[in-house]
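Dear colleague,

Please find below the structure for your review. My notes on it follow directly after the sequence and coordinates.

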Amino acid sequence: MSQTPFYSLRGISKAFPGVKALDEVQLDLYPGEVMALIGENGAGKSTLVKTMTGIYQPDSGELKLAGESIHLATPDAARKLGITAIHQETVLFDELSVTENIFTGHHLTRGPLKMLDWRAMRSQCVKILADIEAQIDPDILLKHLSIGQRHMVAIARALSFDAKVVILDEPTAALSIYETQELYKIVEKLKSAGCAIMFISHKFDEVFAIADRYTVFRDGCFVDQGKIIDITQAQLVTMMVGRTVDQVYPKENIPLGSNVLKVANFSHPTEFNDLSFELRAGEILGFYGLVGAGRTELMQAIYGVSKITQGSIEVEGVSVIIHSPADAIKAGIVYVPEERQSQGVVLDLPIDQNITLPQLSKINKNGLLNQHSEYALADEYASRLRVKAPNWHEPVGNLSGGNQQKVVIAKWLATQPKVIILDEPTKGIDISSKAAVHSFMSELVKQGLAVIMVSSELPEVMGMSDRIIVMSEGLQVCEFNRADFNAEKIVSAASGGLNEKTIH
Amino acid sequence: MKKLFTSREALLCILILVMTLSVGAIADDFLSIGNLLSIYNDTSILIILALGQMLVIITRCIDLSVAANLALTGMVIAMINSSYPDFPVPLLVLFGALLGLCMGMINGLLVWKLGIPAIVVTLGTMSIYRGVIFLLSDGSWVNAHEMSKVFMQIPRSTFIGVALLSWASIITVAVFYYFTRYARTGREIYAAGNSPTAAFYTGIDVGRSQFIAFSLSGLLAGLCGYLWVSRYAVAYVDVAAGFELQVISACVIGGISIMGGIGTVAGCVLGALFLGVINNALPVIGVSPFWQMAISGGVIVLAVIASSRAEQKSGRIILKNAVLAPSK
């Protein structure tokens with residue numbers, strides 16, 4: 001264990017229009033050690049990774065590698081210095097083979113013409129894949145791989161460099177238990193080879209299992225750093241959120257009404273198979289699982305975005321056929337998507353027009369736009385959700401993430417739905433907006449709505465749901481009632497630890 | 001090698017064979033070696049230009065200026081040749097290629113450095129290049145009797161029974177096969193078109209890849225400027241007018257995805273040959289030129305439908321047995 005850092009950052013700041021993502025942060029990576037970077041969503045971790053790998057240029061501050069000040073103008077410059085990262089969203093090429101994905105940017109060549117040496121690349125690829133015990137055909141196109149397999153390819157790619165600094169940005173979010181164990185072995189190998197490793201994770205058991213040191217960020221600021229043996233999980237959590245942990249969720253006990261939604265035997269060729277569940281008025285049903293477990297895909301199928309091979313939907317006991325989102329809205333099912341900016345709102349349109357968009361024909365009976373009744377409707381719902389904006393003519397693109405989300409929810413509430421599906425409703429929004437969304441969920445169910453919430457944040461799912469369905473690799477693995485919620489069991493079910501379908 | 005013939009290429013091969021054989025059944029001469037070679041020779045310029053266009057389309061751009069580039073280079077070369085008949089033709093060809101390269105580089109720089117959409121840039125340069133021909137020539141023609149013998153003879157002379165024009169396209173195909181498979185720059189063009197974000201993360205300059213694609217497309221257009229003018233023995237303002245659309249059609253029929261990132265040399269060549277065979281076969285069996293256009297148009301629409309169906313997203317792969325049993 002060395003006492004001088006290999007890669008260190010001092011006073012790094014980075015601002016984007018409207019947000020200060022990093023404010024004078026510092027960080028040290030030591031050779032042969034794993035440093036865990038801890039922080040909530042929006043703490044600036046991903047921005048830091050991009051700054052450390054030459055994707056973003058810091059506004060101020062200094063990067064030092066082995067004692068020397070460096071400037072990373074491009075991702076290529078970082079790679080040449082031996083800095084490599086596995087990013088949270090895998091950035092790879094769908095239409096290229098696994099081998100080529102691993103070697104793009106640093107192809108192996110031979111001869112004076114620098115002819116690409118596919119045979120050498122393929123055999124190295126086979127070797128790396130065997131090293132990480134990933135059973136992936138090196139010749140297959142990437143688009144045919146599952147999300148977990150893509151992550152393994154991303155890891156193989158990082159290992160194909162002569163890396164001295166390895167950054168892993170939430171590498172286990174989409175991996176099964178087995179694959180996670182393999183990843184731990186790889187990290188140990190890298191450590192003994194003297195690499196400096198940075199590890200970003202939300203899961204504290206992982207942090208304590210493999211990290212030697214920690215650094216905590218909060219809202220773009222550096223909070224603390226130290227050795228992992230000198231700290232407890234509770235202390236870390238307190239530093240991370242800046243308050244004590246026993247966060248109170250505004251969950252209220254509401255007597256459940258009659259069945260509103262019945263989904264039976266929902267199946268898709270590649271995304272999910274044989275899912276069935278029921279939902280009652282006043283109920284919040286949580287869907288938990290790893291990233292890429294098929295939850296969003298299931299919700300999109302229920303909402304009519306994608307086609308199913310078999311399955312049926314009943315709303316209030318009446319069978320409905322849903323071929324498109326328009327059918328779903330008519331049946332009283334609405335969907336608040338995870339990708340808010342691309343799927344949830346029209347950024348260039350003002351707040352009022354966003355809210356009235358799904359029911360233009362309903363409000364404007366005679367075929368001419370009636371701006372007054374449109375504005376009145378938008379005003380009613382935007383006020384109810386307490387959207388913060390100078391007025392309702394403001395383009396949605398100018399609002400913060402939390403307020404954009406409120407606009408999406410307002411839009412759907414204005415259609416007076418029976419079932420509202422919230423897909424990662426608090427992803428990427430600040431803490432106060434989160435609380436607002438949560439208390440609003442409670443209000444919705446009090447009015448007799450049925451809510452489905454897809455979330456990857458366990459405290460949120462456990463805090464808000466009456467029932468949780470856990471999905472893993474496209475299958476419904478088990479179901480928990482609120483009285484039986486158990487964090488450990490839920491997580492292990494989601495990671496593939498439980499194979500049979502069980503009801504607790 | 002096994003990927004050389006994916007289903008699209010195989011289908012095109014069969015279509016071309018069926019067309020050739022069925023026309024041959026009506027007109028005996030059609031299947032003679034001499035006629036087949038002449039069909040290939042007729043299609044050579046289309047093949048060369050389609051290969052350049054393919055690279056541009058793979059980087060998610062389009063080059064509408066190829067035909068104008070060809071016409072301008074052709075005119076410049078023809079004018080030099082008629083004024084200085086003793087200027088060595090090989091040097092003249094080289095000059096033409098360089099001139100085309102410069103015009104391609106102008107397109108590429110505008111797309112790369114100014115970030116203007118390629119369709120707008122090349123729509124503009126297309127008109128500019130045509131306009132320059134008029135300025136240079138004052139609208140007058142350079143006719144066969146004004147060109148030197150060597151100038152006109154080179155593409156027609158044969159080597160092992162095959163015209164040099166055909167050899168030019170054969171060599172271009174070989175070079176492109178190597179470039180798209182064994183050259184780092186070539187593979188980077190595919191990566192940049194497939195996912196610009198991922199390409200940037202891996203240190204590939206997407207704009208530079210687009211610039212290279214435009215430059216090569218321009219270089220080939222310049223080369224074809226000479227080939228076209230010497231073959232048809234005439235240069236005027238409207239040489240090859242609208243030919244860029246045939247070039248793009250050949251790419252689309254050959255399975256080059258307009259969305260970028262996908263396309264093979266084999267597909268591209270077959271797409272061009274397909275159009276070449278149609279253009280040559282239909283007159284033989286007495287179909288009017290108007291029908292020829294409608295038929296090529298119909299084929300293009302069918303090709304686009306076929307590729308959009310092939311590219312249609314079948315969903316993410318989440319279920320473990322999804323790859324093995326896709327239709328469960």
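In chain B, helix H2 (residues 33–58) and helix H11 (residues 243–253) have axes that come within 8 Å and cross at roughly 70°. H2(B) is therefore roughly perpendicular to H11(B). As to the terms, helices (H or I, at least four residues) and strands (E, at least two) are DSSP runs, numbered from the N terminus. Axes are lines fitted to C-alpha atoms, for helices over the stretch in contact, and angles run from 0 to 180 degrees between N-to-C directions. Angles under 35 degrees count as roughly parallel, over 145 as roughly antiparallel, 65 to 115 as roughly perpendicular and the rest as oblique.

On the H2(B) side the contact is made by B:Leu46, B:Leu49, B:Ala50, B:Gln53, B:Met54 and B:Ile57; H11(B) contributes B:Gln246, B:Val247, B:Ile248, B:Ala250 and B:Cys251. Two residues are in contact if their C-beta atoms, placed from the backbone, lie within 7 Å. By class, these residues comprise nine nonpolar, two polar and no charged (Ala, Val, Leu, Ile, Met, Phe, Trp, Tyr, Cys and Pro count as nonpolar, Asp, Glu, Lys and Arg as charged, and the others, Gly among them, as polar).

Please note that this is a predicted model, in which local features need pLDDT of at least 70 and side-chain atom pairs count only at pLDDT 80 or more, while totals for chains, interfaces and linings use all residues. Residues are numbered from 1 along each chain as its sequence is written, and chains are lettered from A and ligands numbered from 1 in the order in which they are written.

H2(B) also meets helix H10 (residues 206–232) of chain B, the two axes coming within 8 Å and crossing at roughly 170°. This makes H2(B) roughly antiparallel to H10(B), and the crossing is left-handed. Among the residues that make this contact are B:Ile45, B:Ile48, B:Leu49 and B:Gln53 of H2(B), with B:Phe214, B:Leu220, B:Cys224 and B:Trp228 of H10(B). The contact of H2(B) with H10(B) has 15 nonpolar, three polar and no charged residues.

Between the chains, 29 residues of chain B are in contact with 34 residues of chain A. Helix H8 (184–194) and helix H9 (196–201) of chain B are the elements that give two or more residues to the chain B side. The largest share of that side, five residues, comes from H8(B). The side of chain B that touches chain A has 15 nonpolar, nine polar and five charged residues.

Chain A holds an open sheet of four strands in the order E14-E13-E16-E17, with antiparallel pairing (two strands pair if DSSP finds at least two bridges between them). Strand E14 (275–280) and strand E17 (318–320) of chain A stand at the edges with a single partner strand each, so one side of each has no neighbour in the sheet. Neighbouring strands of this sheet are turned by 20° against each other on average, direction ignored. Five bridges join strand E13 (residues 259–267) of chain A to E14(A), and A:Val263 has A:Phe277 as its bridge partner in E14(A).

Elsewhere in chain A, six bridges join strand E11 (residues 213–218) to strand E12 (residues 221–227), which run antiparallel. A:Arg218 has A:Cys221 of E12(A) as its bridge partner. The hairpin of these strands has two residues between them, and A:Asp219 takes a positive phi near 45° there.

On confidence, the model scores ipTM 0.83 and pTM 0.81. In chain A, confidence is lowest in strand E23 (residues 502–503), at a mean of 46. The pLDDT stays under 50 over residues 499–504 of chain A and over residues 1–5 of chain B.

With kind regards

Conventions. pLDDT = per-residue confidence, 0-100. Left-handed = near helix turned anticlockwise from the far one by under 90°.
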